[in-house]
Amino acid sequence: MQQGNLTALSITIFIILTVVLIGFLAGRDKATRSSVEEWSVGGRRFGGLLVWFLVGADLYTAYTFLGLTSTAYTAGSLAFFAIPYSVLAYFISYFFLPKLWKVANEHKLTTLADYARERFDSKLLSSLIAIVGVLMLIPYICLQLSGIQDTLQVAGTGFINVKVVVITSFLLVALYTFFSGIKGPTYTAIIKDVLVWAIMLFMVVSLPIMHFGGWNPMVDKIVNEAPQLLTIPTEGPKGIPWFITAAFVSSLALFMWAHAATGVFTAKSADAIRKNALFLPLYNIVLILVVFLGFIAFLVLPNGTDPRFALLALIQTSYGGIGQGLAYSTIALASLIPCSIMAIGASNLFANNIYRDLINPKVKGAKLTMITRGMVFVVIGLALLFGLVFPQALVSLQLLGVSGMVQIFPAIVISLFWRNQSREATIIGLLVGLAVTFTVYSTGTSLGIYEGFWGLMANFAAVAVLNPLFVKKAKSSTNAVKNYLFEEKAKKVDVLRKGA
């Protein structure tokens, strides 16, 4: 590792501390901490633009930029799978997220597990979804840790103890998340997203000019010297079948993550959610260009460069202290802010759907709010510990996390539209999907298909086969959420028909 740049390190630390301070200031109103709903979803008062910044900060993390560059550096165009999956995810979300938001708003639900509990009258299903959500989020939060650790390691080699600074940074994030709730990462997300757009666009314009004289010479050099970067393998463990199924599964899983749902539930209207589905694909402009940064790194960096540091090494090689500092701080913020939102999502799941639903159903609101906020320290602490002890397992576990999270799709999304979906079939389908996913993953028998695809197909099959056994009970059962989703809609249709 090269000697760090003191100017770059100073700028990075200054911007991080400034943004953390803004996070604290965002929560200075005591109302922010008055209830779980206020702390975790901001009282559902965020307009379309704030939700756009929040969800964008939530989904486009340091792992997105560092991981995509690393994948492009080693596997070429396989990295482009992130583009169709996110576009497909937003298209699908347009049809179900507004409906889910309306149910959550009407019945004061703050997590997907809350929705499952009320929709199916099942604390067991709610707790299963919460456990899956928390377990899958820990490696994801670890990856944010890894992102800032790598950034500070490149910027601060020879000047700082990286582990101490990383632990301090995440402790500060935990404190401002505990204090400010969702308002902290929301307002700091604006700074992070503006920096992402500005710095990434600057890099994709300047780097080809600096190293090749422009985009056309760069593309010509790729075609002549590294044509393998421009194609997707037709066979092998990660060929076209993997590309297609990975994009499909990832698209269905995107809004099943607790942090993504948290961002959605902050919206003040269903219309704000629809607008987000239309405008979030704009972030793909940045993603496409980030993939090309991986190609540039392949051509510019010396052989033997660790792919994990490809983007950071490219920045260090290409820019002076100020340019490095702005780029490093952007990547660091893309670690810290999503970490805060993820911690809120995981804490909310634990407090509401594990502690309250299983351990202490009679817990009072004020105590539940404090437990939810306090869990931030536990979640981030576990992520820190896990990341320091098992650093090599993070990427594979996060990819497995996508395969795990998609298994709740039938319980959440299908149930919004299928009145007679039974609780029993849904629970068994979820368990079967998880079992198949982990079996395929652990035995390496995916046959070139994304592991989560096999699990999801097994999940769907189990629900389809078993639902008829319990459909009579499902038809006769009713509750407030089912009435809201189906009976009230049926009444409106009936009134319209009579009026016609």
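Which ring does the charged end of arginine 119 sit over? Hi everyone, the ring is that of phenylalanine 120, with the charged end 4.7 Å from the ring centre. By "over a ring" I mean that NZ of Lys or CZ of Arg is within 6 Å of the ring centre and within 35 degrees of the ring normal. Arginine 33 does likewise with the face of phenylalanine 179, at 4.3 Å from the ring centre.

A quick word on the basis. This is a predicted model, where local features need pLDDT of at least 70, side-chain atom pairs count only at pLDDT 80 or more, and totals for chains, interfaces and linings use all residues. Residues are numbered from 1 along each chain as its sequence is written, and side-chain values use heavy atoms, leaving out hydrogens and water.

Now to the ring pairs: the structure holds 23 of them. Rings of Phe, Tyr and Trp (its six-membered ring) pair if their centres lie within 6.5 Å; planes under 30 degrees apart are stacked, over 60 edge-to-face, and the rest tilted.

How accessible are the two? Phenylalanine 178 is partly exposed at 22% relative accessible area, and phenylalanine 377 is partly exposed at 31%. For reference, buried is under 20%, exposed over 50%, and partly exposed in between, using a 1.4 Å probe and protein chains only.

Lastly, Trp52, Phe53, Tyr60, Trp197 and Tyr283 form one aromatic cluster. Thanks, everyone!
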